[in-house]
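This report looks at two places in one protein chain.

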Amino acid sequence: MKTTLHKSLLLAIGILAAAGTSTVCAGNNLIHHNTLSKTAEIADADKNITVTVDYSHGCRITGLNVKGKNVLSDSGVHTGFRTRGGTFSSANSLHNVKVSNDEKKIIVDGIIFGDNSIRVNESWIFEPVGDKICWTIRREYSTLAKLEETVFPQWNFAGLSVWKGGIIDNGGMVWCKYLADRNDTYGVHTGGVTFWEPLSGDALRIEAKTDDGKFLASKYSHGEKDEFIFTQAVTDTEMEPRYNLDRFVRQKADIFAPFDVEKGTVTIYMELRYLDYHAEYSRGKLPGIDADAVRELMNTTGRYGVVDNRIVGANGWITSWKCLHEPFFAQIGMALNDAHYTANMSSSLDRERDYAMTNEGRVLSRWHNADEDQMPGTFNYKTGYYEAKWGYTMDSQTGYVINTAEQFDLCGDVAWLQSHKASCEKALDWLIGRDSNRNGIFEMMNGHIREQKASDWLDIVWAGFENAFVNAQMYEALNLWSGCERVLGDREKSAYYALVASRLKENFNRTVHDGGFWYPEKKQYVYWRDNDGVIHGDNLVTPVNFAAIAFGLCDDKERTAIILAEIERRTSKENLFHWPLCFDSFKEEEVHAGNWPFPRYENGDIFPTWGYLGVRAYAEYDRVTALKFIQNILKQYGKDGLSSQRYSRETQQGEGSDILAGICTSVTALYRDIYGIRPKWNRMGLEPRMLKKLDGTEFHYTLRNTVYQLRLSVDDYEMSTENFSVRSKEAFGASFDNHQLSFFPHNRDETVLRIAGKSDLPVSMSVIKWAQKDISWRITSTDEYTLTVEGLDPTAKYQLTVNGKATTLSVENNGTATFFCSCRKPASFAIKTK
């Protein structure tokens, strides 16, 4: 019986071999090669992704199964190129391909296509490595040629509903619903993306690299067959836009200009990986907040302002604008918590430093794909920077500096900051020099409403001469840059900019009758004063009044209470989901006709772009109100995706084709001003203003490759990493380096506690109190510790108490005291002045 069975098995194996079926199973059965059907299947270790390669006629991928579902159209995935003479594809190879495989990979060679003018010979290599599938394509060009387009490769997904969109590896995103018509196309100069579908939580990450000296690009299109098409490219030089400086074109698939290829080889290295989208982009546990809405808002509208590499803005890639006079791009990066966005933001500021600043320090206000918005003669057709025809918007000076300073706290790169020192000083000094009457308030280039020119973000409101909105942003820029100068070691410049800010604050807060902006009769800050002394903008302009409070110009508690109470009263009376730009009408002569009649556009409509100023202002005064407007924005996202420029004051419906990513800033303020995420260049910082209904908030935050686990409740804040944990009821900052925990009370630099352990064990501490003359904390971990306190008064006498035993603490002339403790069990410490 056994012999008969054995013969039968041998016979069956022989029949299969004769039929040409060869199945080679790599480790864990991940590669299946069927020579009869001329197909091969490659899977990742968990079988979350399976790729089916068909080489029966040419070569293409016919199946890409993500969690068992094929996401491709019949067109599959293929390579190719187009010249003026024709279109050529790997799916129509001129010769039969050769396929070989072993236990680790499968190789397809001899994929040849083209014509007599130019041919390519490709090899494809697939290799499963853990949770990913590596795909390498090597292409050899037969000769020098000019291509209209390259496909290296092209992914044809089954439709625009397969994925909600793609998170691009420059921090931006493509939202499939924005590719509304066939051939609508968005192109960028990078090659990696994570496609996601939020209901299932399925995500496909495609990482792409090429060799040094080569350039990646990609485009996303609505195909002729209603497919969603992702096309990658590798070129010898960076690809140029075909139409003006457009990154997005309607009903045209050829977004990039023709380019040359050299005889030789180019290679693209790709990694395909399945992701649990909900886990990968989790916002954590957020009691009282719709965490899913936060995630989706930040991954769509929040990222939409990234036009391309080195162009991070808010107006986005459909209309292709960036306003350099918006100061919140780095803040968006703080909330996104995406290293790709952070790196791209640094590059964007580098590019603006190099190409968007005049020799005297004037920062140009905008980038655009074409010249229709330019002040005549200012548009640079290579870089896209220009001055807008509406007027010289002076908040581009402050926007550049604020973004640079806040970006430094994210990237922590002192050399990068140093490279912006001269340019930030020029930007500030140029505006400081505009003070003809020497009153410490800086002046715009337009002086009177009769000129019908703008001077800030409200670009068809004729604000000029002494503009409170610009000066409020100048105050913030001066203070932030003063801190940067201190880090760079230039204490003289630091003190200078702090002094200028102090004088600005003093004069800003004077009454309008005494040269300032406070209008005591109307109990609000006015918008501007013309050069004839006439006051304008006493119609409760919200960004002006919010900025005065949020940036710390107005620290008068009575004024703050009056302003914010009135804004809340009027917002509630109209049942508005968000604050309008102003509550009452400007005068007709103060605005462009496009703002008339009230409420219309910048004369009374709702622009959530400046929501972060409102949240920041209310967070200190009335956190319940601050939270209400954050939640309102999240609810609105659920209704319409916040895919609008503004909202009608009368209908509260979205209006305007110029979608603004700045609409997300109320949620970025949730992270900065409620959860208190305040990273600094040398540490992670927490300065929460929590509410009881948010107690139990938990999420992780990654700063410069360190993952921080944060737990937040009212007066109870905990930060931990694999190396330390710190708990406090007050704001603090912390970092860990070379076995040493550094603790920064109140997240400031004046005093620092450093705890260095002898071993590699994590350090755990809780702070009981940190006042000027009374400090106490506990260490709950065990080790031999060296403790150093910096920032003490060297002239004072201190008492150190460890576990109830008091001794005199010796303080060096530099204010530093060091002592040792062998902590075999939890230990209590206290330092008090005698």
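Strand E40 pairs in the parallel sense with strand E44 (residues 763-770) over four bridges. Strands (E, at least two residues) and helices (H or I, at least four) are DSSP runs numbered from the N terminus, and two strands count as paired if DSSP finds at least two bridges between them. The model is predicted: local features need pLDDT of at least 70, side-chain atom pairs count only at pLDDT 80 or more, and totals for chains, interfaces and linings use all residues. Residues are numbered from 1 along each chain as its sequence is written, and side-chain values use heavy atoms, with hydrogens and water left out.

E40 covers residues 724-728, and four of its five residues are buried (under 20% relative accessible area; over 50% is exposed and in between is partly exposed, with a 1.4 Å probe and protein chains only). Strand E39 (residues 716-720) runs antiparallel to E40, and the two form a hairpin with three residues between them.

Asn 595 is found in the loop between helix H13 (557-574) and helix H14 (611-621). Its relative accessible area is 0%, so Asn 595 is buried. A polar atom of the Asn 595 side chain lies 2.9 Å from the backbone nitrogen of Glu 602. Not counting residues up to four places away in sequence, Asn 595 touches Ile 460, Val 461, Arg 600, Tyr 601, Glu 602 and Asn 603, where contact means heavy atoms within 4.5 Å.

Technical notes: Polar contact = N/O pair within 3.5 Å; in protein donor to acceptor, adjacent residues only side chain to side chain.
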